[in-house]
Amino acid sequence: MSYELNDKIKNLVPYEPNCGKYNIRLDANECTFGYDNELLNMVNAAINSVEFNRYPDPVCKTLRKSFADFYGIDYKNVTVGNGSDELISILQSAFMKKGDKLLVCTPDFSMYEFYSSISENPCVKYHKDESLNIDVDMLIKKANDEKASMILFSNPCNPTGQGLPKCDAVRLLNSVDSLVILDEAYMDFWDDKNSLIKDVNCYDNLVVLRTASKAVGSAALRLGFAVANKTISRAISAVKSPYNVNSISQAIGTRIYEKREYLLNRTKYIVENTKVLYNELLKISAETDDFKPYPTKTNFVFIKTSFGKELWEYLKSQSIIIRYMGEYLRITTGTAEEIAATISAIKKFISER
Ligand SMILES: *Cc1c(COP(=O)(O)O)cnc(C)c1O
């Protein structure tokens, strides 16, 4: 007898985030704020409404309506996933045929390429230049030269923090035969005017992804949303596993998207704090060689530096966790106190280096 794992999974290692205990956690782009008492009361009411012996609603109707009302769209254009991660995986495995090419950008969210390795679709890459912006004409050329079946990128981008203006996204959609998936996980922090969430019915090749994990502050629920025209939405709904979103998350998610003012005010506060974080990092960069923060449209700041590893390790020793990515660092916005503590630790490290 001999069973061997196949080549594509043999050397994979499970995703292991920084699960150690840190006083300040700025590594995963989560919302800094937990649920307050009012939201926790809402959670209790939501749980009390669940029929635990029954399967969840497979089409998440009330949650879709609540999400759609929040963004001013038609709920029939929405499909819910167990996090947008699940939707990314489903879209790749179902909407690409054997041998079809996926076009991604680099640097971008690493999961895109990962899922293509599982679905065994070749992944081709558009390399961003030093500015980290996407030159949409070059992306269009790449898509058409490669005959890409699917183009997938985050806008605004994780990890770079840069955003592609809507006019460029529209030009891309009109210039390729590929299915274009715009992962708008961070769009709440930028400007709805650059979102295509309201325009999905104008295109036969567009999927917009949203998540409850970032600005909506509910990463624990695992709720992601695919917004697309009705033909594509129907296909996503048909290929997903029927009970992919549990009843508790549906019940809480429905209620959280009803907290419109609360969510919008909190997002505004996070955007203000991100400006503070960026400006403080900019001041450091003015006095430090080889330390360059990029302006951001998100709730984090991306920094180019060659001493990232040492700085990351020093912050860790101070119980502050950020994200280390080779020649870059990424710092998520925290509370005013968390930002102040992180900035002063960075200054201390640099002055003693
Ligand atoms: C955080 C993030 C998501 C969200 O994933 P969920 O599975 O919904 O938590 C999706 N795309 C990008 C680019 C992200 O950074």
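Helices (H or I, at least four residues) and strands (E, at least two) are DSSP runs, numbered from the N terminus. With that in hand, welcome to a predicted model, in which local features need pLDDT of at least 70, side-chain atom pairs count only at pLDDT 80 or more, and totals for chains, interfaces and linings use all residues. Residues are numbered from 1 along each chain as its sequence is written, and side-chain values use heavy atoms, with hydrogens and water left out.

**The whole protein**
- The secondary structure comes to 12 helices and 13 strands.
- Along its principal axes, the C-alpha trace spans about 60 × 60 × 55 Å.
- Of the 353 residues, 51% count as buried, where buried means under 20% relative accessible area, exposed over 50%, and partly exposed in between (1.4 Å probe, protein chains only).
- Take the contacts (heavy atoms within 4.5 Å) between residues at least 6 apart in sequence: 73% of them join residues at least 24 apart.

**Helix α8 and S237**
- S237 belongs to helix α8, which covers residues 230–239.
- This serine is partly exposed, with a relative accessible area of 30%.
- S237 and V80 are 157 residues apart along the chain, and their C-alpha atoms are separated by 8.4 Å.

**Helix α11 and its surroundings**
- Helix α11 (residues 308–317) has G308, L311, W312, Y314 and L315 as its buried residues.
- Seen down the axis of α11, these residues fall within an arc of 165° (taken from the directions from the helix axis to the C-beta atoms), so they line one face of the helix.
- The packing partners of the buried α11 residues are β9 (291–293), β10 (300–305), β11 (320–321), β12 (323–325), β13 (328–332) and α12 (336–352).

**Backbone details in the loops**
- S319 sits in the loop between α11 and β11; S319 is not a glycine, yet has a positive phi of about 65°.
- S319 is also buried, at a relative accessible area of 17%.
- L132 is found in the loop between β4 (123–127) and α6 (136–146), and has a positive phi of about 70° although it is not a glycine.
- With 3% relative accessibility, L132 counts as buried.
- In the loop between β5 (150–154) and α7 (166–175) you will find P156, and the peptide bond from N155 to P156 is cis, with omega near -5°.
- P159 lies in the loop between β5 and α7, and a cis peptide bond with omega of about 25° joins N158 and P159.
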